[in-house]
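User: I'd like to go through some charged pairs in this one. Can you take me through them one at a time?

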Amino acid sequence: MWRQYDSGAALSLLWLISLLIARPVDAQAVNGGMQAGMTGSYRARVELLENPFRPVDTRSDHLLVSRLLLHAKADAGPYRAGVELQDSRAFWFKADTPLGTDDVNALEPLQAYVGLTHGTRGQGGELDILAGRFTLDYGSRRLLARNNFRNTSNAFTGVRAQWQRADDWSVSGLYTSPNVSRASDRRALEDNEVSVDAPSRDRYFWGVTLDNVSAGSSGRIDAYLFGLRTAASAGDPSDRRQLFTLGARARGDVASWTLEWEGAVQYGRSRDGRAPQPFDLDHRAWFVHASARLPLDGAWEPGLSLRFDAASGDEDPGDGRNQRFDKLFGARAFELGPSGFYGLLTRSNLLSPGARLDLRPWRAVDIQLGYRAAWLESRRDVLPGSGLGDARGASGRFIGHQWELSAHWTDPSGSLQIEAGVTYLDKGGFLNSVPGNPMTGNTAYGYTQATYTF
């Protein structure tokens, strides 16, 4: 059904109209050495899903989401400050559409930060410090990312410092509290309720990284250690974690191939919500990614990518250990399939080889065709993207064949982008036989979105 627009939605619509009718202007202003400006974007996306893989009672579902971003920034020599507003809403859905805080976060002050830069890279190094509320992208974005496809973004409150040498290698540290959405119950989400996210005194995320270290003529290596601590709450007693994630990433060119490898081990204590009364478990988990990309000859600038992703699942729900990899705050849409309304595959309990073909038939048009075969790493653990699992392991491992096709068009000015995509899941034995299986029949997902950037 269509939800009635509240006052915040009306304000969002007025902003969109003003953006579309406004004359283009230079957003940068310079005054006595200070530079200030505003950037932003508005995106609307329609999503359709047939034969879902989650335990619901409908054969089809639909969703319309919008996202407005406004980012005001000011720089004065070594100092800078910024504020960013995020207005993410859902408007068209059914009573049982799975809405979450990844869809809705209305009139949210996503970022409010101050920064300081000291020194120069060519003369001993440059120190950059950022404090306040901010978003983060790190490395491959598999474990820490500012979400792009998802309708809302991860944000943190704390401090981040980076020291960078002239040859581009750097050392970074961060200590933050992840911001938690307060509008998380069904009524608040359906009404696009405005409620400012807040850092939690019971949730801390920190990290130390060494990045872009030279390895040979073209190779680069990153290494990182992330820590996450969360406390159980009355609403979710299973959300109790004290995790350490130690990983490395290597990338470089060999002949005509561009190669990448990343792997991480995870240890600490966590809880598994499958137990009737959750209790602390020893946490031992891992994840691996490997990929190779080869540019091909052709008028459409083809490129072929081969990929493999794996992440551990829990082998036995009753053995006192949790082996399911925690994906932390990573993004997945760029290589595991659409997130948001679809979001089947994630870096947890997964074995998945795949391939992708990139094409550019015209300067303004990009096309991607992707395929993945997917298995559970542990047949006795759940498939996190569906919430379904078989503790006996009798439903097998094979999740299915996932096919993707997407196309992107960008206008010559770069301000308007239109994108459309379809994903088809040929369900395997696990999804067809797991207890609680919502329905037979393969899953089809499609979306169309338009983004205006200013």
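Analyst: This is a predicted model. Arg324 forms a salt bridge with Asp381, and their closest N and O atoms are 2.7 Å apart.

User: Where do Arg324 and Asp381 lie?

Analyst: Arg324 is in the loop between β16 (321-322) and α3 (333-336), while Asp381 is in the loop between β18 (365-375) and β19 (382-383), so the pair ties together parts that are 57 residues apart in sequence.

User: Are Arg324 and Asp381 buried or exposed?

Analyst: Arg324 is buried, and Asp381 is buried too.

User: How many salt bridges does the structure hold?

Analyst: The structure holds 29 salt bridges.

User: OK, which residue meets Asp222 in a salt bridge?

Analyst: Arg249 does, through its side chain, at 3.4 Å from N to O. This pair also links distant parts of the chain, with Asp222 in strand β11 (residues 219-230) and Arg249 in strand β12 (residues 241-254), 27 residues apart.

User: Why does Asp222 count as buried?

Analyst: Asp222 counts as buried because its relative accessibility is 4%, and the cut-off for buried is under 20%. Arg249 counts as buried as well, at 14% relative accessibility.

User: Which residues are linked with Asp222 and Arg249 in a network of salt bridges?

Analyst: The network of salt bridges links Asp222 and Arg249 with Arg142, Arg251, Glu260, Glu262, Glu335 and Arg347.

User: Switching to helices. What does Glu190 pair with?

Analyst: Glu190 forms a salt bridge with Arg186, with the closest N and O atoms 2.7 Å apart. Both residues lie in helix α2 (residues 186-190), four residues apart, which is about one turn of the helix.

User: New topic: Glu47. Where is Glu47?

Analyst: Glu47 sits in strand β2 (residues 34-50). Its relative accessibility is 1%, so Glu47 counts as buried.

User: What does the side chain of Glu47 make a polar contact with?

Analyst: The side chain of Glu47 makes that polar contact with the side chain of Tyr445, at 2.7 Å.

User: What else is Glu47 in contact with, leaving aside neighbours within four places in sequence?

Analyst: Besides Tyr445, Glu47 is in contact with Asp61, His62, Leu63, Val65, Phe341, Gly446 and Tyr447.

Definitions and conventions: Residues are numbered from 1 along each chain as its sequence is written. This is a predicted model: local features need pLDDT of at least 70, side-chain atom pairs count only at pLDDT 80 or more; totals for chains, interfaces and linings use all residues. Side-chain values use heavy atoms; hydrogens and water are left out. Helices (H or I, at least four residues) and strands (E, at least two) are DSSP runs, numbered from the N terminus. Buried means under 20% relative accessible area, exposed over 50%, partly exposed in between (1.4 Å probe, protein chains only). A polar contact is a pair of N or O atoms within 3.5 Å; within protein, one must be able to donate a hydrogen and the other to accept it, and residues adjacent in sequence count only if both atoms are side-chain atoms. Contact means heavy atoms within 4.5 Å. A salt bridge is a side-chain nitrogen of Lys or Arg within 4 Å of a carboxyl oxygen of Asp or Glu.
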